[in-house]
Amino acid sequence: MTKKQTLDEKLAAAKARGKKAVTKAAPAQQLMLPLWPEEVRGVPNAVLRGALFTVSQTRQSFRELTPVAAVDGIEISVKNDRLNQHDLDLFEMLLHVQREQPLGAPVHFTAHSLLRELGRGTSGKHHKELRNDMARLIGSVVEIRWKAERKTFMGSLVERAYIDEDTDHWVVEFSRDLMTLYSQGHTWIDWEDRKALGRNNIAKWAQGFYASHAKPFTYSVDTLWRLSGSTALRKKFRLMLRAALDELQELGAIDNWEIDASDLVHVKRTPSQSQRKHLAKAKVIHKKG
């Protein structure tokens, strides 16, 4: 059996094949998302470290900005329909297309091609579903506040969309303010692994959550239940979490895991090359301090 490549190995292979995203230098006044290779999706850390995109299939709707769970240091509130991992798949794919041109420039695609890239069907039912998914990303108001930096993003994750029904051609636009999310850090998510997780929303959430940490912290099952936005009973969530972590370990997304007698979840994973540099830098700063 062929050994599964690590994310670092995949990225190195992509670079060697010349598939790493390349773009012409943009004028100084234009904003560009960070570039990432074809094999991954670059996602702002704040999007991955809380219940902004929940694991629940049930969609709540809030009439006013309502706080949802997030890790220490970040405050997240949402208004209108809640977003979940199904919506995050679409958001990540749209960002992937946007990264090759200035932020705010129109993103062009056909619904058929986008659905294929997402691994979804292309029937009339799926096209209708895509419209509803896009409407949620446009209509859901998100407020993300970084307490230490005293900075806040407020707005829709997608600004607008246009559709030519005769040609199936879509045009989507993001706000330039989206750069605020990336300025606070982002994570590369292995796209093939994410697609392989299918409808296992807890595994998808955990993949992003743990990938966004260079060195995973220890959290209780109860804390992960809240951070994931799960609406399942806690006892059921614990069982689903175990299955999700097993699947992530099988994929190689994490090295190993355990839930101890105090119900604390310990996850070990090999940090990416950039995360290893971050850890080394933090260690030097700590020694100097």
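What volume does the second largest pocket have? In this predicted model, where local features need pLDDT of at least 70, side-chain atom pairs count only at pLDDT 80 or more, and totals for chains, interfaces and linings use all residues, that volume is about 510 Å³. Residues are numbered from 1 along each chain as its sequence is written, and side-chain values use heavy atoms, with hydrogens and water left out.

Rolling a probe the size of a water molecule over the atoms shows where empty space is left. On a 1 Å grid over the protein atoms alone, a pocket is an open set of points with protein on both sides within 12 Å along at least five of seven lines, and lining residues have an atom within 4 Å of a point. Grid points are joined across faces, edges and corners, and a volume is the space filled by probe spheres set on the points.

Now look around the second largest pocket. Its lining has 21 residues, and those nearest its centre are His86, Asp89, Arg120, Glu129 and Arg199. By class, the lining holds 11 charged residues (Asp, Glu, Lys and Arg), two nonpolar ones (from Ala, Val, Leu, Ile, Met, Phe, Trp, Tyr, Cys and Pro) and eight polar ones (the others, Gly among them). Helix 5 gives the most, with five residues; helices here are DSSP runs of H or I with at least four residues, strands are runs of E with at least two, and both are numbered from the N terminus.

Helix 8 (201–211) is among the helices that supply at least two residues of this lining. It is largely enclosed by the rest of the structure, because 11 of its 11 residues are buried. Buried means under 20% relative accessible area, exposed over 50%, and partly exposed in between, with a 1.4 Å probe and protein chains only.

Next, find strand 14 (residues 264–268). In a regular strand the side chains alternate between the two faces of the sheet. Here Val265 and Val267 form a covered face, while Leu264, His266 and Lys268 form an uncovered one. Strand 14 pairs with strand 13 (residues 256–259) in the antiparallel sense over four bridges, where pairing takes at least two DSSP bridges. Trp257 stands opposite Val267. Four residues lie between these strands in their hairpin, where Asp263 takes a positive phi near 70°.

Finally, visit Arg150, whose phi is also positive, near 55°. Arg150 sits in the loop between strand 7 (141–146) and strand 8 (151–156), and at 68% relative accessibility it counts as exposed.

Definitions and conventions:
On a 1 Å grid over the protein atoms alone, a cavity is a set of points where a 1.4 Å probe fits but cannot get out, and a pocket is an open set with protein on both sides within 12 Å along at least five of seven lines; lining residues have an atom within 4 Å of a point.
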